[in-house]
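Notebook open, model loaded. I'm jotting things down in the order I looked them up.

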Amino acid sequence: MELIGPDHSLYDVLRKPALPLYADIRPAAIARCSSSSDVTEALAYARSANLPVTPRGGGHCFAARSSTTGLMLDLSPLSTITVESTAALATIGAGARLASVYRELHEYGLMIPAGCGPTVGIAGLTLGGGLGLLGRRYGLTCDRLVAATVVLANGNVVTCDAERESDLFWALRGAGGGQFGVVTALVFNAVPSPAATRFKLTWPRSRAAEVIAAWQSWAPDAPDEVTASLTVNANQVQVFGATLTAFDPGSLAALAPEIDLLAGLSWPQLKASLSEGGPDNRILHSKSEFFRSPLPPDAITQLLNAGCELNFTPMGGAYNRVPVDATAFAHRTERFLLEHAGPDRNAVRRSWSIAHAYASGAVYPNFPDPDLTEWHTAYHGPNYPRLRDLKAKYDPAGVFHFPQSLGGS
Ligand SMILES: Cc1cc2nc3c(=O)[nH]c(=O)nc-3n(C[C@H](O)[C@H](O)[C@H](O)COP(=O)(O)OP(=O)(O)OC[C@H]3O[C@@H](n4cnc5c(N)ncnc54)[C@H](O)[C@@H]3O)c2cc1C
């Protein structure tokens with residue numbers, strides 16, 4: 001374990017998370033961990049120095065949970081990916097980022113369903129669920145997890161799967177990161193790496209209300225092979241995503257969009273084509289919620305007048321074919337997720353309040369929202385009591401602690 005203090009040349013590079021909003025949080029020290037035993041050593045150091053401790057994967061947490069003024073565990077050296085291609089098993093170090101996961105797995109003709117941001121960390125994404133362009137076909141990222149190596153709060157290293165520490169294995173699939181221990185490796189049952197078509201359907205913003213209305217009754221019920229997200233910004237409304245079969249825009253065709261198609265892409269090419277333009281360095285606030293029924297026309301009008309960026313993600317498909325209690329991820333009956341984003345926190349709150357009246361009340365654990373008071377049920381639904389009990393079992397002293405962490409008020 002290498003301990004990096006504020007005077008070290010790497011300190012600023014390592015401590016800064018992906019979101020500029022949290023760039024000023026300064027850890028007392030950073031422990032660079034290259035193995036499970038490094039993590040054990042780092043936890044012992046935090047205990048002896050009386051420092052709070054938090055693991056950092058890709059650093060994309062919307063609520064700064066991987067930033068701390070205590071000891072930050074930098075897991076980026078743990079980024080090895082190994083593949084047993086005949087068994088379609090991929091063992092991925094907890095510090096790996098999505099772009100390298102896609103690249104490496106594709107070399108073996110394999111893939112996992114996972115998210116869009118190329119620098120998002122595989123660990124944070126998986127522990128909170130994992131939505132992505134293969135999700136309606138193959139489920140959440142955590143639905144493909146078959147085992148994990150975890151360093152518990154007491155420093156012990158355990159492997160969990162369906163037979164060993166099965167409670168912990170259940171809890172790791174969707175409760176959110178940083179709750180039960182430090183994951184050092186994740187084993188996934190991979191799927192064939194598909195060829196796909198990337199589509200973008202674009203209209204001027206003045207058409208947004210009718211496009212949203214049509215999208216709501218099409219995208220969540222589209223074939224599993226189609227994932228069509230919708231985004232509205234100040235200039236335009238766009239429906240974009242991927243299809244594993246021939247492109248068919250369904251009812252959106254009648255709205256005469258400008259259509260941009262790229263067919264026959266490998267999965268890494270498709271992901272790269274959707275990440276063009278590089279990282280978003282704007283300081284943005286965001287809030288989100290799940291919906292089980294469509295927004296009515298007057299709510300859509302009010303939302304568009306509120307002026308925030310609106311991002312709709314379709315659920316349904318394989319996401320919703322897993323029982324609510326099969327994994328910690330409780331949101332298996334939702335139709336879509338709506339995220340409100342913008343530079344003005346109060347405008348984002350107003351926009352969220354307009355839609356909230358029609359929402360299911362469920363919130364994606366990977367999009368944490370510090371404003372939530374009823375967060376126990378919003379994030380975890382009926383799985384909260386079991387998760388609270390498992391938190392007491394695996395981390396009785398609350399070593400892994402943050403606002404809205406399991407067991408908190
Ligand atoms: C630009 C951007 C794009 C995104 N795209 C998607 C998307 O397409 N699909 C989607 O579902 N989500 C997406 N997200 C949300 C993303 O899933 C969450 O922010 C996720 O928590 C990020 O994981 P991370 O490792 O990058 O972040 P981090 O901030 O490093 O970690 C997030 C949480 O997990 C904990 N954690 C990290 N590593 C470990 C570990 N090894 N063991 C235990 N706990 C750990 C951290 O302490 C923290 O609480 C996106 C977010 C951003 C900012």
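I began with helix H7 and what sits against it. The buried residues of H7 pack against strands E12 (195–204), E13 (226–232) and E14 (236–243), helix H9 (297–306), and also E17 and E18. Contact here means heavy atoms within 4.5 Å. H7 itself covers residues 208–216, and its buried residues are Ala208, Val211, Ile212, Ala214, Trp215 and Gln216. I'm using buried for under 20% relative accessible area, exposed for over 50%, and partly exposed for in between (1.4 Å probe, protein chains only). Helices (H or I, at least four residues) and strands (E, at least two) are DSSP runs, numbered from the N terminus.

Ground rules, before I go on. This is a predicted model, where local features need pLDDT of at least 70 and side-chain atom pairs count only at pLDDT 80 or more, while totals for chains, interfaces and linings use all residues. Residues are numbered from 1 along each chain as its sequence is written, and side-chain values use heavy atoms, with hydrogens and water left out.

Next I followed E18, one of the strands that H7 packs on.

Then I checked the partners of E18. Strand E16 (residues 285–291) pairs with E18 in the antiparallel sense over 7 bridges, and Phe291 has Phe336 as its bridge partner. Strand E17 (residues 309–314) is joined to E18 by 6 bridges, also antiparallel, with Asn311 opposite Glu339. Two strands count as paired if DSSP finds at least two bridges between them.

I moved on to another sheet entry. This one is open, has 5 strands in the order E5-E6-E10-E8-E9, and its pairing is antiparallel. E5 (81–84) and E9 (157–161) are the edge strands with a single partner strand each, so one side of each has no neighbour in the sheet. The twist averages 15 degrees from one strand to the next. (Axes are lines fitted to C-alpha atoms, for helices over the stretch in contact, and angles run from 0 to 180 degrees between N-to-C directions.) Inside the sheet, E6 (residues 89–93) and E10 (residues 182–189) share 5 antiparallel bridges, and Ala90 has Phe188 in E10 as its bridge partner. Helix H2 (residues 36–48) packs on the sheet, touching E8 (145–151), E9 and E10, and its direction makes about 45 degrees with that of E8. Helix H3 (residues 98–107) lies across E5 and E6, at about 30 degrees to E5.

What surrounds the ligand? I found 33 residues, the closest being Pro55, Gly57, Ser66, Cys116 and Tyr364; the cut-off is a heavy atom within 4 Å. E3 (53–56), H4 (122–128) and E10 each supply at least two residues of this shell, and H4 gives the most, with 4. A ligand oxygen atom lies 2.7 Å from a polar backbone atom of Pro55. For His60, a ligand oxygen to polar backbone atom distance is 3.0 Å. The protein covers 89% of the 950 Å² of accessible area that the ligand has on its own (Shrake-Rupley, 1.4 Å probe).

Notes: Polar contact = N/O pair within 3.5 Å; in protein donor to acceptor, adjacent residues only side chain to side chain.
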